[in-house]
Amino acid sequence: MKQFFFFLGCIFLGMFLLLINKNNSSLVDRNSPVLRIFATSSFAGQWGPGPELKKKFEKTCNCKVEFVEVAQAGLLLQRLKLEASGGSSADLVLSLDQFDLQKALFEVSWNKLNITGIDFLSEFSSVQKNDYFVPYDWGVLTLITRNADFIKKISSMDDILLEDIAKKTGFQDPLTSSPGKQFLWWVFKLKGERDGYQFLKKVAEKSHSFSGSWSQSIGFFNKKQLDAVWSYTTSPLYYQLEEKSNEVNAVAFKEKLPMQVEFVGVPKSCSQCELAAQFINMMLSVDSQKIIMTKNYMLPVIRGVADGTPFAKALSTANALPFEVPNDSEIEHIMQKWSEIRHDTSRF
């Protein structure tokens, strides 16, 4: 009988200690600062680099990381302004590219960043020369295809209009998609306004689709409803490494291609400004850059990260247009032209 009561006593003692530990853990969680990060779903979602970076940062920060997912990069600033007007805000904003920077500076106040001692790739010596935003990954855009005939037939931008190619090729709507905006900019940059307008009108009429997002268009491609889709030169690596398939390849246009660079910034309305700066420094470490590279399938901005990996051969910006940050009036103008094309094209 004594052994029985001793046994019960041990059980109750264990349960009591477990309850105390749980309450203490809850108390620690409640008292820990929360770092709120705004990012697109492709970054913060379960397949993106966000969850792994969150886990890594929480090991040392004595804080909690909370991602606020936004479907499209173009909605980040809207969400940021909306929350700020309600008395809350993000501490960190990811997934902004060069088309967002001027608008972001005009519409939101940002903290100045002091990022030093980072061994950026030489290609980004000019990109990092601003006080408020730091690049953390980049990519070059092109068509990707699993159709071997497409690789043989497409050598220039004009080949996109070939009837058998256009009807099996998908793009993204520039009004809602960052890659779509890159395509729009690429056409106007290389063809000029008049010829670019006529070219885009033909693409809009002939192509399979202009999807609302990159995810939607790549979904059509994965279901084999498309033979080609506007994506990144690193996208074939995803199929090689994740799906063990070598059938997807990037089209080698003779024209230089658009380069997208993604940035991170800290709004002035941040509550955890110091933690936000620490998170940026962590993102720019070699280990974190590898996480971003292999989860986001974008290229690292830090020297040496891709060495010895399949990403190394995609590092050169030699086949890309020079990086530039368009001003608001330029972006507004080409977006207006695209709206006119949508209006004049019966399929939209």
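Which residue forms a disulfide with Cys 61, and how far apart are their sulfur atoms?

Modeller: Cys 61 is joined to Cys 63 in a disulfide, with 2.0 Å between the sulfur atoms; the criterion is a pair of cysteine sulfur atoms within 2.5 Å. The model is predicted, so local features need pLDDT of at least 70 and side-chain atom pairs count only at pLDDT 80 or more, while totals for chains, interfaces and linings use all residues. Residues are numbered from 1 along each chain as its sequence is written, and side-chain values use heavy atoms, leaving out hydrogens and water.

The link of Cys 61 and Cys 63 is left-handed, with -95° about the S-S bond. Cys 61 has a relative accessible area of 12% and is therefore buried, and Cys 63, at 5%, is buried as well. Here buried means under 20% relative accessible area, exposed means over 50%, and partly exposed lies in between (1.4 Å probe, protein chains only).

The count comes to two disulfides. Besides the link already described, Cys 270 and Cys 273 form a disulfide with sulfur atoms 1.9 Å apart. The link of Cys 270 and Cys 273 is right-handed, at 100° about the S-S bond. Cys 270 is buried at 10% relative accessibility, whereas Cys 273 is partly exposed at 29%. With the bonded cysteines numbered in sequence order, the pairing reads 1-2, 3-4.

Salt bridges come next. There are 16 of them, each being a side-chain nitrogen of Lys or Arg within 4 Å of a carboxyl oxygen of Asp or Glu. One of them joins Lys 295 to Glu 52, the closest N and O atoms being 3.9 Å apart. This pair links distant parts of the chain, since Lys 295 lies in helix α12 (residues 286-296) and Glu 52 in helix α3 (residues 50-61), 243 residues apart. Helices (H or I, at least four residues) and strands (E, at least two) are DSSP runs, numbered from the N terminus. Lys 295 is partly exposed at 36%, and Glu 52 is partly exposed at 37%.

Another salt bridge is formed by Asp 119 and Arg 303, at 3.1 Å from N to O. This pair also links distant parts of the chain: Asp 119 is in the loop between α5 and β4, and Arg 303 is in the loop between β10 (299-300) and α13, 184 residues apart. Asp 119 is partly exposed at 42% relative accessible area, and Arg 303 is partly exposed at 43%.

The aromatic rings complete the picture. The structure holds 17 aromatic pairs. Among them, Trp 110 and Phe 133 form an edge-to-face pair, 4.9 Å centre to centre, with 65° between the planes. Rings of Phe, Tyr and Trp (its six-membered ring) pair if their centres lie within 6.5 Å; planes under 30 degrees apart count as stacked, over 60 as edge-to-face and the rest as tilted. Trp 110 and Phe 133 are both buried. The rings of Phe 210 and Trp 338 form a tilted pair, because their planes are at 45°, with the centres 5.0 Å apart. Phe 210 lies in strand β6 (residues 209-211) and Trp 338 in helix α13 (residues 328-344), so the pair ties together parts that are 128 residues apart in sequence. Phe 210 and Trp 338 are buried. Ring pairs link a cluster whose members include Phe 210, Trp 338, Phe 171 and Trp 230.
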